[in-house]
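Subject: Structure handover

Hello,

Here is the structure you asked for. My notes follow below it.

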Amino acid sequence: MRFAVSLLMFICVASVIGTVLQQNQADNNYIDQFGPFWFTVFDKFSIWHIYNSWWFLLIMAFLVVSTTICLLRNAPKMVRDMQSFREYVRASSLRSFHHRVEATAPVSPAESLARLQQWLGAQGYKSKVRQDGDSMMLAAKKGAANRLGYIFAHAAIVVICVGGLLDSELPVRLQVWLGGKQPVTENMLISQVPESGRLSARNPSFRANMLVPEGAQSSSGIISVDEGVLVQPLPFTLKLNKFLVDYYSTGMPSSFKSEVEVTDPETGKSFSQTIEVNEPLRYKGVTVYQSSFDDGGSTLELLGYPLAGASAKPFELAGTVGSSADLMAAGGSRAVPLKIEFSGLRVINVEDLSGEVAPQPKAVIDHVAAVTGSAAGAKNEHLRNVGPSVQYRIIGEDGQSYEYTNYMLPMMLDDSLVFLAGVRESEAVPYRYVRIPADADNSVAEFMNLRAALADPAAVQQAAQRFARKNANETMQAPMLEKAVLGALDTFYRKGFNGIIEQVPEQDREKVLGFAVPMIQLSLAELRDVMRERSGQTAVKREGQEGIQADQWIQMSLLALANLPDYPAPVFLTLKGFDQVEASVFQVARSPGKNTVYLGCLFLIIGVFSMFYIRDRRVWVWIKPHAGGSELLAAMTSQRRTLDFNHEFDRFKEAFKRLST
């Protein structure tokens, strides 16, 4: 019993950990939360999926075995004790009881026995008489079902643990360990999975996931096992006709549901049903829960711009979420092969546009909160839906990859209309954003033309000459100023502001930037005019409101160009159009242990009720002849001698004396 209690304490502690620590998340989340060292330590104990860890299941199994042995050893004795009246207690031993009473009665022993039996029966006692010569031993009991409480409570522990083991990964893992099943680790279609990677349709217990795009159907679930997966066939086919989702003002989903059609392959009959959160589908012993939703393979139309070389000619690129495409991008002297993996499409992005955070063109823009991230509360009046965004990964020829997120529409940040372009190394780090100013057509085309012009020596030469003519003076003549502009623009294009000050002593950097930044900004304004003249556009007005807007656009371009050297992609992709396809993510489970656990809970309720609310009482009365009457010696006992028991004995003593008169 001590061993079982110790195991139960271990299970309680593990359950607390499993409740407090969110289970079955990506490793990166735990590394970010605990750090690499503690992640390695905790990973040894599998606390990320603690309820299916080997040691938790082992403790459960030991607890079942230990409690079962305890139950088998003690239950028969308890049942016999419940049935026994213990009528063979010796009369002399009754005098050692603390709760006893003695009396003499003027009536015969038989009459005394009849009176006592009648009173005890009225109080709910069952009695039995043992004749011993002229004397009699009356043994009575009530509340014997109290012992059932111990039996049911211990049986409840066994039944609940067995139900937990049935609904754990143990049945699937036993098939892997003993049944020859091998998890699939390669990327392949379900139809290509070998028999060793498929579980039986009669699998008694499983919990699988199933992703079904709109208009598609599936009859198999996927079970993750270690580093691979197993395919679980289902006894029906599920088709997703329509996926519906509603959103809060924060952009978080308020509700989502799936309109499905279920077909039984054995009978060919079909029926329709709506699956919602907390309203699952149950059919043929399998329960289908609405777990979440995802992209089901939306088609994307993207417009790409080169970020290297003197060309700004856009190109079109088509893709599908979940697939990849190959691309040859300009990379200076030669074309660079790239692989584009399209990972996501978010149609709704509710952002906090309060502008309370200062511009951070090289770091994360803290006040941008995506729908799947840490969005602000619903009462934030600055929340705006800024439209769709696309997520993709670019893998270079060296195998290095980065994740990107780009918004389809411009948004107003710090009184400037800009496009946000995010980049990060992995999911473990947040996005760093570059703000690209929007032009009069709400596109990035003019900025990309300016970037290309900055890579064109002839255009830069012409812009530098114009700047030198307008700003030359006696101390800084035009040739010298033109040379300074050319050097500054070349360094700025290749390395940003870091290149301007990398060779400058730290105490002089502020002075150098104070001179270089205005010079580069004015030179970019001249370069913009050169670029527009070459393309046949009108010159930018420098006066009035249009002049203020032009200066603001150049300032934002200056910041964006300063960040481009740190933007690792040789191309910039913007979302031109899309055809969204929703997909519903279902959790499919066969849980025979659920009913077993319910039965165990019923046993536990019966056991607790029996132990705490049914009071065990035993009474013995020794009756023997005495001087023409009878002499009586009575004793009363209980497993728990509480204050209520003392009061009950006092009532028994008063009734006993009354009956003996």
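Contact in these notes means heavy atoms within 4.5 Å. This is a predicted model, in which local features need pLDDT of at least 70 and side-chain atom pairs count only at pLDDT 80 or more, while totals for chains, interfaces and linings use all residues. Residues are numbered from 1 along each chain as its sequence is written, and side-chain values use heavy atoms, with hydrogens and water left out. Helices (H or I, at least four residues) and strands (E, at least two) are DSSP runs, numbered from the N terminus.

Helices α10 and α11

Helix α10 covers residues 478-501, and helix α11 covers residues 509-534. Two packed helices are described by the angle between their axes and the distance between the axes. Axes here are lines fitted to C-alpha atoms, for helices over the stretch in contact, and angles run from 0 to 180 degrees between N-to-C directions. For α10 and α11 the angle is about 120° and the axes are 10 Å apart. The pair is therefore oblique; angles under 35 degrees count as roughly parallel, over 145 as roughly antiparallel, 65 to 115 as roughly perpendicular and the rest as oblique. Their crossing is left-handed, meaning that the near helix is turned anticlockwise from the far one by less than a right angle (clockwise would be right-handed).

Among the α10 residues that meet α11 are L489 and F492, and the α11 side includes R509 and L524. By class, this contact has 15 nonpolar, one polar and one charged residues. Ala, Val, Leu, Ile, Met, Phe, Trp, Tyr, Cys and Pro count as nonpolar, Asp, Glu, Lys and Arg as charged, and the others, Gly among them, as polar.

E502 sits in the loop between α10 and α11. Leaving out residues up to four places away in sequence, E502 touches K495 and R509. Its relative accessibility is 39%, so E502 counts as partly exposed. The scale is: buried under 20% relative accessible area, exposed over 50%, partly exposed in between (1.4 Å probe, protein chains only).

The C-alpha atoms of Q521 and L558 are separated by 6.5 Å, although the two residues are 37 apart along the chain. Beyond four places in sequence, Q521 touches D551, I554, Q555 and L558.

A nonpolar core is a set of buried Ala, Val, Leu, Ile, Met, Phe, Trp, Tyr and Cys residues joined through side-chain atoms within 4.5 Å. Which residues touch the most other members of the largest nonpolar core? They are L524 and Y567, in a core of 69 residues. A second, separate core has 25 residues, including M210 and L234.

Helix α8 (residues 445-454) is largely enclosed by the rest of the structure, because eight of its ten residues are buried. L450 and L454 are among those buried residues, as are E446 and R451.

Two loop residues

D415 has a phi near 65°, a positive value in a residue other than glycine. D415 lies in the loop between β19 and β20, and is exposed, at 65% relative accessible area. A627 has a positive phi too, near 50°. A627 is in the loop between β24 and β25 and counts as exposed at 80% relative accessibility.

Regards
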